[in-house]
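Here is a quick tour of one protein model, meant to be read with the structure open beside it. Have a look around first, and then we can go through the spots worth a click.

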Amino acid sequence: MINYMEENIKELKEYAYENNIPIMQDEGIKYLTNYIKQNNIKKVLEIGTAIGYSAIMMCLANKETSVVSIERDEKRYLEAIKNIKKFKLEDRIHLIFNDALEVKLNDKYDLIFIDAAKAQNKNFFEKFESNLIEHGTIITDNMNFHGLVFEDEEKIESRNLRQLVRKIKEYRIFLENNQNYDVEILNIGDGIAISVKK
Ligand code: SAH
Ligand code: MG
């Protein structure tokens, strides 16, 4: 049983690698799943499903965890549906096929995991923080952007890339100055921000 699951997870990771789908790095997913176990996180909202890898890993970390996850890319959304079935997690992972900025949710979540378009992090944060329970956590991936946030901006040749790096830096400052949250930015995986509502 365990071997069968491990084989399926390996296949997910291989598919992601071959198709250039930026699923969470090993260190990051380890941190996220540990966080879920240790804090007994039950309800998760994820922005950016891709092929369902992180949603599946979060559910495997805790039997009581359920995930609502939003994805705007149809091919990835359909692939995620397939993968979730493979793990028999249809009852615990609910996918929404839409741009997250168009989605309105009424439920509250213990954890919101932001892992979508990096330039939109602040918009996602501000849009969905009303869906966070009291003292809930917002986790954001890719805070380091492959180390580019620590580079001299002038050295980044592409204008688009430079703008994206600037956006991530702005988001880091937005989090650090946010009085409503205790924020920690960890150099794990591609950099993870943990923001706990005070
Ligand atoms: N969390 C996944 C990886 C997500 S990759 C994992 O670790 O397994 C980021 C995904 O976010 C991409 O598939 C992209 O299509 C999606 N995305 C980006 N912007 C989005 C938006 N505004 N709304 C919904 N999905 C978005
Ligand atoms: Mg990511």
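Does Lys82 count as buried or exposed? Lys82 counts as exposed, at 51% relative accessibility. Keep in mind throughout that this is a predicted model.

**Salt bridges**

Lys82 has a partner: Glu79 forms a salt bridge with Lys82, with the closest N and O atoms 3.4 Å apart. Both residues sit in helix α4, three residues apart, which is about one turn of the helix. Glu79 is buried, with a relative accessible area of 13%, because buried means under 20%.

In total, the count comes to ten salt bridges. As a general point, side chains of opposite charge can pair when their charged atoms come close.

| Pair | N to O distance |
|---|---|
| Lys86 and Glu11 | 3.7 Å |
| Asp26 and Lys13 | 3.0 Å |

Take Lys86 and Glu11, which form a salt bridge. Lys86 lies in helix α4 (residues 74-86) and Glu11 in helix α1, so this pair ties together parts that are 75 residues apart in sequence. Lys86 counts as partly exposed at 38% relative accessibility, and Glu11 counts as partly exposed at 38% too.

Now for Asp26 and Lys13, whose side chains meet in a salt bridge. The pair links distant parts of the chain, with Asp26 in helix α2 and Lys13 in helix α1, 13 residues apart. Asp26 is partly exposed, with a relative accessible area of 44%, and Lys13 is partly exposed as well, with 30%.

There is also a network of salt bridges, which links Glu153, Arg166 and Lys169.

**Around helix α1**

Glu6, Glu7, Glu14 and Glu18 form a negative surface patch. One of them, Glu7, is found in helix α1 (residues 2-18) and counts as partly exposed at 41% relative accessibility.

Moving on to the loop between α1 and α2, you will find Ile21 there. Ile21 counts as buried, at 8% relative accessibility. Which residue is 29 residues from Ile21 in sequence and 7.2 Å from Ile21 in space? That would be Ala50, going C-alpha to C-alpha.

**The magnesium site**

What coordinates the magnesium ion (ligand 2)? The donors are Asp115 (OD), Asp141 (OD) and Asn142 (OD1), at 2.1 to 2.2 Å. Along the chain, these donors follow the spacing D-x25-D-N. Asp115 lies in the loop between β4 (109-114) and α5 (121-128), while Asp141 lies in the loop between β5 and α6 (159-176), so the pair ties together parts that are 26 residues apart in sequence. Asp115 and Asp141 are buried.

**Two positive phi values**

Most residues other than glycine have a negative phi. Asn40 has a positive value, with phi near 45°. You will find Asn40 in the loop between α2 (26-38) and β1 (43-47), where Asn40 is partly exposed, with a relative accessible area of 36%.

His135 also has a positive phi, near 60°. Where is His135 found? The answer is strand β5 (residues 132-140). At 49% relative accessibility, His135 counts as partly exposed, because exposed means over 50%.

Technical notes:
Residues are numbered from 1 along each chain as its sequence is written. Chains are lettered from A and ligands numbered from 1 in the order in which they are written. This is a predicted model: local features need pLDDT of at least 70, side-chain atom pairs count only at pLDDT 80 or more; totals for chains, interfaces and linings use all residues. Side-chain values use heavy atoms; hydrogens and water are left out. Helices (H or I, at least four residues) and strands (E, at least two) are DSSP runs, numbered from the N terminus. Buried means under 20% relative accessible area, exposed over 50%, partly exposed in between (1.4 Å probe, protein chains only). Donors are N, O and S atoms within 2.8 Å of the metal (3.2 Å for Na, K and Ca); water is not among the atoms, so sites may look incomplete. Patches are made of residues with over 30% relative accessible area and no salt bridge: like charges are joined within 9 Å, nonpolar side chains (Val, Leu, Ile, Met, Phe, Trp, Tyr) within 5 Å. Accessible areas come from the Shrake-Rupley method with a 1.4 Å probe; for residues, only the protein chains shown count as cover. A salt bridge is a side-chain nitrogen of Lys or Arg within 4 Å of a carboxyl oxygen of Asp or Glu. Lys and Arg count as positive and Asp and Glu as negative; His and the chain ends are not counted. The place of a charge is taken as NZ of Lys, CZ of Arg, CG of Asp or CD of Glu.
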